[in-house]
Amino acid sequence: MPIAGKFITFEGGEGAGKSTQLTRLADRLRVSGEAVLSLREPGGTPFGEKMRDVLKHPGSAIRPAAEALLFAACRAQLVADVIAPALAAGQIVLCDRFIDSTVAYQSGGRGLDRALIESANRLACGPVNPDLTVLLDLDPSSGLGRASVRDHGQPDRFEVLGADFHRKVRGLYHKLAKEEPARFFVIDATRPPEAIEEEIWHEITRRFR
Ligand code: TMP
């Protein structure tokens with residue numbers, strides 16, 4: 001069963017169901033005997049979890065460039081302390097958001113220069129790159145509604161930005177998936193969670209087993 005040492009990331013807009021699908025995949029891999037590490041960004045280290053609160057809090061006044069660098073800083077810490085050692089030890093690492101979130105949100109959404117964002121990503125990650133990226137694709141008008149129900153009507157600093165911002169994020173995700181079709185697996189996130197779980201499982205076994 002040679003999935004060991006694979007790095008799989010989940011991407012998508014607000015309310016697309018990434019966390020649910022990551023948990024379902026992790027459970028399924030564990031049942032089949034794999035060693036799995038589940039992570040989220042920003043987060044996964046004490047520094048990253050502190051920054052997560054700052055970055056998501058609607059009261060934080062953070063400039064776009066500062067925001068981009070904070071996401072990159074969290075990633076640098078997570079890659080060095082957690083992801084690289086886990087992959088080297090043969091674990092399967094699943095991460096809720098990674099490099100593509102910064103390209104989609106800070107370049108697509110905020111309008112920062114994409115090449116600069118990609119440089120920050122390279123600085124943060126070194127040679128670590130996802131083997132597979134599952135993109136859960138959803139129209140922001142549905143996604144923001146779902147996220148609002150989940151968060152009991154208390155939107156975070158990104159959810160408050162509205163549909164126009166999130167449409168730009170989605171556009172950039174589509175662009176990334178087109179540019180790297182071998183890495184991305186795009187799924188229609190309006191489908192039932194059970195059907196999405198099956199599609200992801202099928203793709204994982206097709207690629208790695
Ligand atoms: P989430 O984990 O609930 O999706 O919250 C993370 C938020 O942070 C989400 O709105 C997307 C945003 N984000 C960025 O803007 N850039 C990034 O690089 C990452 C990792 C997240």
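Good morning, colleagues. A residue is called buried when its relative accessible area is under 20%. I begin there since the term returns at the end of this talk. The structure before you is a predicted model.

Let us turn to the ligand. There are 13 residues around the ligand, and the closest are Glu14, Lys56, Arg97, Thr102 and Gln106. By class, this shell holds 7 charged residues, 3 polar and 3 nonpolar.

For Arg52, the corresponding distance from a polar side-chain atom to a ligand oxygen is 3.1 Å. In Arg75, an N or O atom of the side chain is 3.3 Å from an oxygen atom of the ligand. On its own the ligand has 480 Å² of accessible area, and the protein covers 96% of that.

As to location, the ligand takes up the space of the largest pocket. Three elements, α2 (46–56), α3 (64–88) and α4 (99–109), each give two or more residues to the shell around the ligand. Of the elements, α4 gives the most, with 4 residues.

Ser107 is placed in α4. Is Ser107 buried or exposed? Its relative accessibility is 9%, which is under 20%, and therefore Ser107 counts as buried. The side chain of Ser107 also reaches the backbone oxygen of Leu112, at a distance of 3.3 Å.

Thank you for your attention.

Key:
Residues numbered from 1 in each chain as written. Predicted model: local features only at pLDDT ≥ 70, side-chain atom pairs only at ≥ 80, totals over all residues. Heavy atoms only, no water. Near = heavy atom within 4 Å. Polar contact = N/O pair within 3.5 Å; in protein donor to acceptor, adjacent residues only side chain to side chain. Areas by Shrake-Rupley, 256 points an atom, 1.4 Å probe, with all protein chains shown as cover. 1 Å grid on protein atoms, 1.4 Å probe; cavity = no way out; pocket = protein on both sides within 12 Å on 5 of 7 lines; lining within 4 Å. Sits in = over half its atoms within 2 Å of the grid points. Nonpolar A, V, L, I, M, F, W, Y, C, P; charged D, E, K, R; others polar. Buried < 20%, exposed > 50% of the residue type's maximum accessible area, 1.4 Å probe, protein only.
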